[in-house]
Amino acid sequence: MNALADMPTSDPTTTVAGHASNASLIDVRDLRKRFGEVEVLRGIDLQIARSEVVCIIGPSGSGKSTLLRCLAALETYDQGDVRIEGELLGYTERNGKRVRASQGEINRVRRNVGMVFQQFNLWPHMTALGNVMEALLRVQHLSRDDARRRANAMLETVGLAHKADAYPAKLSGGQQQRVAIARALAMEPHIMLFDEPTSALDPELVGEVLQVMKQLARDGMTMAVVTHEMGFAAQVADKVVFIDQGRIAVEGKPREVFHDAGQPRLRQFLQNYFDRNAFWTQDAGEAGPA
């Protein structure tokens, strides 16, 4: 990544793919967030264009999940702007000053944002169909018949139409996460946020969730994905963002980030990842990439 060597050393962020701010569904400027004395986000600038898939990678504690939670208004940010489809999220202007927006205004701005978490958070006493229907009934106030039709369609989208009447305890972890994705999709979001959606799954179940996400990407869903699945990021992302110590250190196309990485901290992170995912080759007597 030759561009890295040409950047001024005072600029902590290297951008190797141009922003599409004019068409951005999400526009983040100088985003900062503190927890007590610890500044977790330290001036994040990020634009996500319509139908773009952005994978966010980085070490644990770097601020990845906090960034996603700020985009969904699940955390209050301290400074900067988060705009969803051009509208400021979380704050409003009043008498020339910025003040915290009402919960109703926050809900209105984030109405087209869906989020899937590490944990599935399904209601254990409801079937898969009931879990997907619940928000349609309570939030969108659909009739029960309309909610059932849309919920069934979403379960079919994630390959679980045959499990509509199953309770979460009877579903595998991968199936539960696919129900959670169906629940988010049922609200017809314009943007989907995924916070390490496969981290709580057994390795054998990861693939079925990633396949659903790949299909969403092919269908043109705008997505921001915090992930440790580097293969998924390499295959599916339009842009990969590497966050370190609360800042975007590198941003670019997957090939540039994974194969031409010139930034030392990124190289170290990727080497640690490959080392953790290496296997011991008995015949050669050395480790090789899995």
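Some conventions come before the contacts. Because the model is predicted, local features need pLDDT of at least 70 and side-chain atom pairs count only at pLDDT 80 or more, while totals for chains, interfaces and linings use all residues. Residues are numbered from 1 along each chain as its sequence is written, and side-chain values use heavy atoms, with hydrogens and water left out.

I begin with charge pairs. A salt bridge here is a side-chain nitrogen of Lys or Arg within 4 Å of a carboxyl oxygen of Asp or Glu. Searching the whole structure on that basis gives 18 salt bridges. I shall take three of them in turn.

In the pair R83 and D81, the closest N and O atoms are 3.6 Å apart. R83 has a relative accessible area of 32% and D81 one of 23%. Both values fall in the class called partly exposed, which lies between buried (under 20% relative accessible area) and exposed (over 50%), with a 1.4 Å probe and protein chains only.

The second salt bridge joins R108 and E105, at 2.8 Å from N to O. Helices (H or I, at least four residues) and strands (E, at least two) are DSSP runs, numbered from the N terminus. R108 and E105 are three residues apart in helix α3, residues 103-109, and so are separated by about one helical turn. An α-helix has 3.6 residues a turn, so residues three or four places apart point the same way. R108 is partly exposed at 33%, and E105 is partly exposed at 27%.

Elsewhere, salt bridges that share partners join E87, E105, R108 and R111 into one network.

I turn next to the aromatic rings. Rings of Phe, Tyr and Trp (its six-membered ring) pair if their centres lie within 6.5 Å; planes under 30 degrees apart count as stacked, over 60 as edge-to-face and the rest as tilted. The structure holds two such pairs. In one, the rings of Y77 and Y91 have centres 5.1 Å apart and planes at 70 degrees, so the pair is edge-to-face. Y77 lies in the loop between α2 (64-71) and β5 (79-84), and Y91 in strand β7 (residues 91-94), so the pair ties together parts that are 14 residues apart in sequence. Y77 and Y91 are both buried.

In the other pair, F242 and F269 have ring centres 5.3 Å apart and planes at 40 degrees, so the pair is tilted. F242 lies in strand β12 and F269 in helix α10 (residues 264-276), so parts that are 27 residues apart in sequence are tied together. F242 is buried at 0% relative accessible area, and F269 is buried at 6%.

A charge sits over a ring if NZ of Lys or CZ of Arg is within 6 Å of the ring centre and within 35 degrees of the ring normal. R98 lies over the face of Y91, at 4.8 Å from the ring centre, and R100 also lies over the face of Y91, at 5.7 Å.

Staying with α2, the helix is mostly covered, with six of its eight residues buried. Those residues are K64, T66, L67, L68, C70 and L71. Just after α2, A73 takes a positive phi of about 60 degrees.

Finally, I consider L201, in the loop between β10 (191-195) and α7 (203-218). L201 is buried, with a relative accessible area of 10%. A pocket is an open set of points on a 1 Å grid over the protein atoms alone, where a 1.4 Å probe fits, with protein on both sides within 12 Å along at least five of seven lines; lining residues have an atom within 4 Å of a point. The largest pocket has a volume of about 780 Å³, the space filled by probe spheres set on the points, which are joined across faces, edges and corners. Of its 22 lining residues, V113, G114, M115, A135 and M187 are the closest to its centre.
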